[in-house]
Structure formats: structure tokens, C-alpha cells
Amino acid sequence: MRILLTNDDGFDAQGLRILRKIAEALSDDVWLVAPETNQSGASHALTLQVPLRYREVGERAFAVKGTPADCVIMGARHVLKDQPPTLILSGVNHGSNAAEDVSYSGTIAGAMQGTHLGIRSIAMSLMVGEAADEEHSARQHWQTALEHGPRLVRALLDAKWPEGALMNINFPNTAPDKVSGVSVTHQGQRDLSGLHLAERHDTWGAPYFWIGFERKRQSLVEGSDLWALAHDRISVTPLSLKFTELGMHEDLTRRLADLDGPGGKGRSHCA
């Protein structure tokens, strides 16, 4: 099994070192192609207006001046073009990627890009610094990902994956022996009313802004990724590249039927 590793925290991140150890427990054919600098929040951006550059930073390891999606393309289509990877692992991210994080995350995007290329892909993230008590402190429990990661990947690879599927794993903010189990979850939803812009001024008086989040106690829905992490469980969320909202498809087909045809001159159902 040939494994390609990437992340969004940068090629020198601690989480990527942990991911490499996870991969080496699964295979002796492990390659790393990761961003030169931190790309957190880059989502699925591609570098299109400037050339991609990369450099070798170690044995079977390369840093790319680009996004996680760029790195996966560079790894699969250039570095390993003669023998493409059979598995892509992205992470281990410093911080969970649950709920709406899936839309922003470069870690998830690395796995998405691998899936676009027809390669099984898994994103991994570690919840840190999001607890309010001493028992679940802000300590970074990298060992939790390291100990539970290999067996979890093996189990997922034994499963049947539909076309366009990828896996999103989140490890809880607790020690390895405190993990209470594994839950197959759906995306949760946070209260984003605390999303705000913090305005500052530079030395010339011009304004600049930081995007900020006010942490709020969530109303957790059982079975969601947020619920699993809050109960010290590993969350495994199967995601899909297919963004179509199938629940609306039948209703919209009926409502817009009169607009179909040449010129679309039928009667509109819009109120």
C-alpha cells in the first residue's frame, strides 16, 4: 500500500509527524507532500494565478508553496506519477474539524482532492483546547491519535466505500485510555451567532480585521460529531463529494416544471 500524506498546518507541524507514524504502522511505502506554510481555513482552494513550487525537505518528503489540494495534486500527479498512491491521509489537524468546519478545513480538502482523483482518502483531526474543565484540559493528546489511528484506518479500509466518499475522523480531547468508544456520526451544527469581526487599526490609522469566534455552550444532538467528541468518543463521519440536496430535488422538479422548455415561458410557482 502506497500512502500519501498531507495536511493544512504545514510540513513541519507536530500533527503531520504523528500522521507519519500512523502511516508507517500500516505500510513501509509512505510519502509526504505538505504545504510550505500554514494553510488552515484554506478549504479546497487551488493555486491558479501563480506557479506551484516545491522542494525536498526530507526522505520521501516535499513542501509545496500552495494549498492542501495543490499538495495532493502535486503528490499524485508529479511526485508519484509513475506509481500513484492507493491511500491519502490528511492531518492530523491541530484542532477538531467537526460541524461547519468541514466547509472551511484544508485538512478535509486534502482528503476531498484525493477522492476527486479516485484515491481513498481519510482526514484526521485532534480536538484541543475546547474544554472547560481540568479533566479535559487544553493538553494536546497526540498519543490518542497515534494509538487509535492505525486500527481505525485498517477497519475503514475493510469497508465498502461508495463512489465519491471520504472519511472524516475526529479524536477527542482526552488520553488514549480515556476514549470511551468509536461513533459513526453525522455533521453537527454549532451556534454561529458568536461569529464576529474584531476591528483594529495599524500605525497609520487604517482599519484591519480579525475573524473571531465566541465559544458558546452547544445544544448537542446525539449521533453528531460534536456529541461524540463531547462524550470522549472518536467520531467517524462519512462525507461525500456529492453536494446535491436530494431532499429538495423532487419538490423543485414539480415547482419548476412550467419553466421547462424553449424560452421558459410557463407560469412561475414563486409567490
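Helices (H or I, at least four residues) and strands (E, at least two) are DSSP runs, numbered from the N terminus.

**Ground rules.** I'm working on a predicted model, where local features need pLDDT of at least 70, side-chain atom pairs count only at pLDDT 80 or more, and totals for chains, interfaces and linings use all residues. Residues are numbered from 1 along each chain as its sequence is written, and side-chain values use heavy atoms, with hydrogens and water left out.

I looked up Ser43 in the loop between strand E2 (29-35) and strand E3 (54-58). Ser43 isn't a glycine, yet its phi is positive, at about 55 degrees. Next I checked the peptide bond from Gly91 to Val92, and it is cis, with omega near -20 degrees. Val92 sits in strand E5 (residues 87-94). I noted both because most residues other than glycine have a negative phi, and most peptide bonds are trans.

**Two helices.** I picked H2 (residues 68-79) and H4 (residues 106-116), whose axes come within 8 Å and cross at roughly 35 degrees. Axes are lines fitted to C-alpha atoms, for helices over the stretch in contact, and angles run from 0 to 180 degrees between N-to-C directions. Which residues meet? Pro68, Ala69, Val72 and Ile73 in H2 meet Gly106, Gly110, Gln113 and Gly114 in H4 (contact means heavy atoms within 4.5 Å). I sorted the residues of this contact into four nonpolar, four polar and no charged, with Ala, Val, Leu, Ile, Met, Phe, Trp, Tyr, Cys and Pro as nonpolar, Asp, Glu, Lys and Arg as charged, and the others, Gly among them, as polar.

**Salt bridges.** I wrote down eight salt bridges in the structure (a side-chain nitrogen of Lys or Arg within 4 Å of a carboxyl oxygen of Asp or Glu). One that I looked up joins the side chains of Asp29 and Arg2, at 2.9 Å, N to O. This pair links distant parts of the chain: Asp29 is in strand E2 and Arg2 in strand E1 (residues 2-6), 27 residues apart.
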